[in-house]
Amino acid sequence: DTLLPALAKRLEERERFTRAALSAVSAFSALSWMITAGAWVLATEIFVVIGGRPEWESAAPIFRALLPFVLIRAINGSMGAMITAAGKPHVLTLVSGTQLAAMVPLAALGFWLYGFLGLVIAITILNGGAMLALIAIAPRFVATRRRDLLLTILAPLPAAVAAGFAAWSIGSLAPTPLLRLVLGFASAVVAFTAVWESMCR
């Protein structure tokens, strides 16, 4: 809720607006990558702790399949705020309308090929297409190149890999699902922050 007004205040100065917009995209991307990495590794523990039974482990693969969608959706939200603050909300309407038109046939195809997993993949592909469309459109309103915007989104990936490895290696030392979850996420946050800070500097 605070991102859009903050960007709008800097709209009159193009360079300041660009820096603020890219900082927002970078922050949302970093947070999304970190959460996705930890949740991917600890998906089984999450559902065992929530459900209280080992049978809940069966939800973990579906949860993992949904994580890329959540990751892309969060990044798209930050770029959407950037484009809205630039005074071009109709662009988002066009992108959303295209998504809506393609959703039913693509979702039906995905479900026909691979069942529920295919449906999730289809929705993720749709959101990935929307992200690429926003990356392609954004330089019209923000003083940045498409390559730089893409690199801003992908920059946290090495830190996310480190976070996932930390969550897996250190979290596995705990004897219970709850302790693995707590220790794993704490390790992921520390590892991500350390790698991300060293990269930023």
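Glu-45 lies in helix α3, where a helix is a DSSP run of H or I of at least four residues, a strand is a run of E of at least two, and both are numbered from the N terminus. The model is a predicted one, in which local features need pLDDT of at least 70 and side-chain atom pairs count only at pLDDT 80 or more, whereas totals for chains, interfaces and linings use all residues. Residues are numbered from 1 along each chain as its sequence is written, and side-chain values use heavy atoms, with hydrogens and water left out.

Glu-45 is buried, with a relative accessible area of 13%; buried means under 20% relative accessible area, exposed over 50%, and partly exposed in between, for a 1.4 Å probe and protein chains only. The C-alpha atom of Glu-45 is separated by 27 Å from that of Leu-154, which is 109 residues away along the chain.

The protein chain as a whole has 8 helices and 0 strands, and its C-alpha trace spans about 55 × 45 × 25 Å along the principal axes. Of its 201 residues, 40% are buried.

Helix α4 (residues 60–85) has 26 residues and should span 38 Å at 1.5 Å a residue, which agrees with the 37 Å between its end C-alpha atoms; the expected span is 1.5 Å times one less than the number of residues. After α4 comes Gly-87, with a positive phi near 85°.

Helix α5 gives another picture, since a straight helix of 49 residues would span 72 Å at 1.5 Å a residue, while α5 spans only 12 Å between its end C-alpha atoms. A kink of about 145° in α5 is centred on Tyr-114.

The helices α4 and α5 pack at an angle of about 170°, with their axes 10 Å apart. That makes α4 roughly antiparallel to α5. The residues of this contact divide into 20 nonpolar, 6 polar and 1 charged.

The largest nonpolar core has 40 residues, and among those with the most contacts inside it are Ile-75, Met-79, Met-131 and Phe-192. Elements that give two or more residues to this core include α3 (43–51), α4 and α5 (89–137).

Key
Core = buried A, V, L, I, M, F, W, Y, C linked by side-chain atoms within 4.5 Å. Axes fitted to C-alpha atoms, helices over the stretch in contact; angles between N-to-C directions. Parallel < 35°, antiparallel > 145°, perpendicular 65-115°, else oblique. Nonpolar A, V, L, I, M, F, W, Y, C, P; charged D, E, K, R; others polar. Bend = angle between axes of the 7 residues up to and from the residue.
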